[in-house]
Amino acid sequence: MLLFLGGLALLAIGYFTYGKLVEKLVGPDDRPTPAVRCADGVDFIVLPTWKAMLIQLLNIAGIGPVIGVILGIKYGTAAFWIIPVGNILGGAVHDFIAAMMSMRANGANLPELIRRTCGRFTYGIFSVFMCFLLLLVVAVFINVPTQLIDRGIFPQFSADFWIAMGAIFLYYIIATFFPIDQIIGRFYPFFGAILLLGSFAILAKLMIDAGHDGSLLLESEGFKANMYTFANNQPILPMLFVTIACGILSGFHATQSPIIARTLRTERDARRCFYGVMVAEGVIAMIWAGAALALYNIFPALMKENPNLVLAKITDHFLGGGVGTVTIVSVVILAVTSGDTAMRSLRLALAEMFHVPQKKFVNRVLLCLPLIVITALLLYWSNLSAKSFNILWNYFAWGNQVLAAATLMGATVWLVSLKKAAVITLVPGMFITFIVATYILWISPGRGNGAYGFGLNLNTAYACGVAVAVAAAVAAVISGLKKRKLNDPDWLGKAK
């Protein structure tokens, strides 16, 4: 129990200490923000800070801090310190720096930021990769809530699978077309509040139960018999950091930060909206990880069950039928509210790449038509069999962390060019580069634990992962030093 409470305390302490340090290093000031300077009534709109924070929470949370940690806690109580440390030093820094880079570049999306930091060649490869990944995100975040509804986890919301899928997809399309304040800005804060209330209700009940039986937050013999270990091809490095992405570090967040970066009245709100919201997501992840561990200790057989079923068991066990159902609905909304903003982010990125103004409704429609067709085909293919969906999920999982590695290395170029202490992005960037390189080189369906990779020996994959991380770091620093010599006052918002 002390490890769990210590992890929660570390998240709070990290926000007020390391978060302040990172903010001071970047130096938010009073220059006009994109929301003020580029206001267009569609994507560039000033929103109240509290509303921007709740929207950002729903944008980035997805199902990672719930479903991800229900799977991730199977690696043991080490997750209780890995989540907060990774969140404070990696994930929160990643989200905050990505947002600040965007704000200093007139609200630029991630591909444009990569072009400015890493050059046109990297930009070309990265843009294709990111667009493909966002299409996977949209497809995954239509599939997951549809499955939750279709499987009757809460029967009152049951519906035909394809009807439910079609309804969610239609909502994504509508939300993508409309100005951010008309749907997202109006309803998401309410959904965010439901998620927070449900999560803290679970925390309160968990603390009461653990106070009576401290072993609930330890590894019982039944838990150890079923947990993920090196022996069953589930080593913490790299598997945990691909399984629990949203609570620790997620590249998807860097595609979402520019959306909210275009709504802030002042740069001085950035630490709360990005660093602080990521810390809040870490708290949510810790709560669900603790609840899952307690339930696995009580019912070890659940460790072999689908995480969606475990989610329902957690809410029923800790909250009962009424509040539990509302909490599950909030988890479904989590997936939906990340999927629709993923589609919105894809629209914005493509508009930026092809220089298509987005103020006119017809431009938004024409740009989205190919995306709608491709997503529909992905949805059809991914539901042909369980294997198809698993392939979709696995590539989404590691592709997400490739995005994080690229973002942190691009941020390192930016900080080096501005003579800032780039170590804050370089170290987590090297770590996640090592993770994703190791994962791709080692993973193999033959081991029964993931996507198609190269199937190398784990120690060989570790060594190669270190080499790739060092090479990426050297390239980022050299690129930053070259950018510094340009002495361009408009280089990503450099002070004139």
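Q: A disulfide is a pair of cysteine sulfur atoms within 2.5 Å. By this rule, to how many disulfides does the count come?
A: The count by this rule is 0 disulfides. The model is a predicted one, in which local features need pLDDT of at least 70 and side-chain atom pairs count only at pLDDT 80 or more, while totals for chains, interfaces and linings use all residues. Residues are numbered from 1 along each chain as its sequence is written, and side-chain values use heavy atoms, with hydrogens and water left out.

Q: Why does cysteine 118 count as partly exposed?
A: Buried means under 20% relative accessible area, exposed means over 50%, and partly exposed is in between (1.4 Å probe, protein chains only). Cysteine 118 has 28% relative accessibility, so it counts as partly exposed. Cysteine 464, at 31%, is therefore partly exposed too.

Q: What makes up the secondary structure of the chain, in helices and strands?
A: Helices (H or I, at least four residues) and strands (E, at least two) are DSSP runs, numbered from the N terminus. By that reading the chain has 20 helices and 0 strands.

Q: What volume does the second largest pocket have?
A: A volume of about 540 Å³. On a 1 Å grid over the protein atoms alone, a pocket is an open set of points with protein on both sides within 12 Å along at least five of seven lines, whereas a cavity is a set where a 1.4 Å probe fits but cannot get out; lining residues have an atom within 4 Å of a point. Grid points are joined across faces, edges and corners, and the volume is the space filled by probe spheres set on the points.

Q: Which residues that line the second largest pocket are the closest to its centre?
A: Out of 20 lining residues, the closest to the centre are Cys118, Thr122, Ala406, Met409 and Ala472.

Q: Which helix gives the most to the lining of the second largest pocket?
A: H18 does, with 6 residues. At least two lining residues come from each of H7 (110–118), H8 (120–150), H18 (386–417), H19 (423–442) and H20 (458–486).

Q: How do the residues of the lining of the second largest pocket divide into nonpolar, polar and charged?
A: Ala, Val, Leu, Ile, Met, Phe, Trp, Tyr, Cys and Pro count as nonpolar, Asp, Glu, Lys and Arg as charged, and the others, Gly among them, as polar. The lining then has 15 nonpolar residues, 5 polar and no charged.

Q: Why does serine 199 count as buried?
A: Serine 199 has 0% relative accessibility, so it counts as buried. Serine 199 sits in helix H10 (residues 184–212). Contact means heavy atoms within 4.5 Å; leaving out residues up to four places away in sequence, serine 199 touches Ile284, Ile287 and Trp288.

Q: Why is alanine 193 called partly exposed?
A: Its relative accessible area is 30%, so alanine 193 is partly exposed. Alanine 193 also lies in H10.

Q: Why does leucine 350 count as buried?
A: Leucine 350 is at 12% relative accessibility and therefore counts as buried. Leucine 350 belongs to helix H16 (residues 321–354). Apart from neighbours within four places in sequence, leucine 350 is in contact with Cys131, Leu367 and Leu371.

Q: What is noted about phi of asparagine 106?
A: Phi of asparagine 106 is near 60 degrees, a positive value in a residue other than glycine. Asparagine 106 is in the loop between helix H6 (79–104) and H7. With a relative accessible area of 41%, asparagine 106 is therefore partly exposed.

Q: Why does lysine 419 count as exposed?
A: At 63% relative accessibility, lysine 419 counts as exposed. Lysine 419 is placed in the loop between H18 and H19, and its phi is near 60 degrees, a positive value in a residue other than glycine.

Q: What is the peptide bond from leucine 237 to proline 238, cis or trans?
A: This bond is cis, with omega near 15 degrees. Proline 238 is part of helix H12 (residues 236–243).

Q: How much of the chain do buried residues make up?
A: Of the 496 residues in the chain, 59% are buried.
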